[in-house]
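Me: Could you take me through one part of this protein slowly? I'd like to know who sits next to whom.
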Amino acid sequence: MSAIGILGAGGRMGQTLVRLIAESSTHSLAAAVVHPDSALLGSDAGVMVGHDPIGVKLTHDTAQAAAMADVLIDFTLPDALEANIEAAVTAQTPLVVGTTGIGSVGLAALDQASQHIALVYAANYSSGVTLMLRLTRLAAAALDADYDVEVLEAHHRLKRDAPSGTAKALGEQIASAREVDLATHAVYAREGITGERGPGDIGFQTLRGGDIVGEHTVMFAGEGERIELTHRASSRETFARGALRAAQWVIDQPVGRYDMEDVLGLRA
């Protein structure tokens, strides 16, 4: 039975992970970390998610959590990433990172950490989204620039970053397949008299509202036809179960940085 530490246990994803672990016969909760100012500090992690007490108190001590766990799962915020990575590397504890909105500095920190520990980083831990990324890459390579590409995504009103990490990952797959730089081909906003769509543009549209868990569509629009690849998530459990699968998998891997294609055995 693997002992898992959850960083960001008080958040939506963190609570889902805690609940699934509390109900699991194959995982145990080693530690649950929340923000130092959280009103949940000191309470039982099981009680927090409506479960019977499980004897794990919510703490803000990331270093201790890393030392107690076989693997850490991080669903916090970008500004906590550096400290979380440092704790994992110091304890030599494998790490699964699901934090979104990570910029170039955070990605560089993950690359540096992967020289010391095994870690998984993915913009989305859904198996279905992982397959969608692969299918998007195949479609973008097969369809030439005569097919305009738009990436549409929708999430709940509380999501802080836009476009979503998954939408950006889809854009990266398109850009890579077409051998262009996403930074110079992405169009994130249109308003007013914008003129004609630029050749090779990769457009992004962002929707926010209600309790939408996550929806992504990649549209290839050509003359006389349109191809759409769509993934809709109806429950956060989809992502949480994927993260748990990644956590179980990475425990046995050598030092390095991996993603969900590695976890699912899709890497060519």
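Leaving aside neighbours within four places in sequence, which residues is Glu261 in contact with?

Reply: Happy to! This is a predicted model, where local features need pLDDT of at least 70 and side-chain atom pairs count only at pLDDT 80 or more, while totals for chains, interfaces and linings use all residues. Residues are numbered from 1 along each chain as its sequence is written, and side-chain values use heavy atoms, leaving out hydrogens and water.

With those neighbours set aside, Glu261 touches Thr130, Arg134, Arg137, Leu266 and Arg267; contact here means heavy atoms within 4.5 Å. Glu261 belongs to helix H10, residues 260-263 (helices are DSSP runs of H or I with at least four residues, strands are E runs of at least two, and both are numbered from the N terminus). Because its relative accessibility is 6%, Glu261 counts as buried. Buried means under 20% relative accessible area, exposed over 50% and partly exposed in between, with a 1.4 Å probe and protein chains only.

For comparison, here is another helix. In H4 (residues 81-91), Leu81, Asn84, Ile85, Ala87 and Ala88 are buried, whereas Glu82, Glu86 and Thr90 are exposed on the other side. Cover for the buried residues of H4 includes strand S1 (2-7) and helix H5 (104-113).
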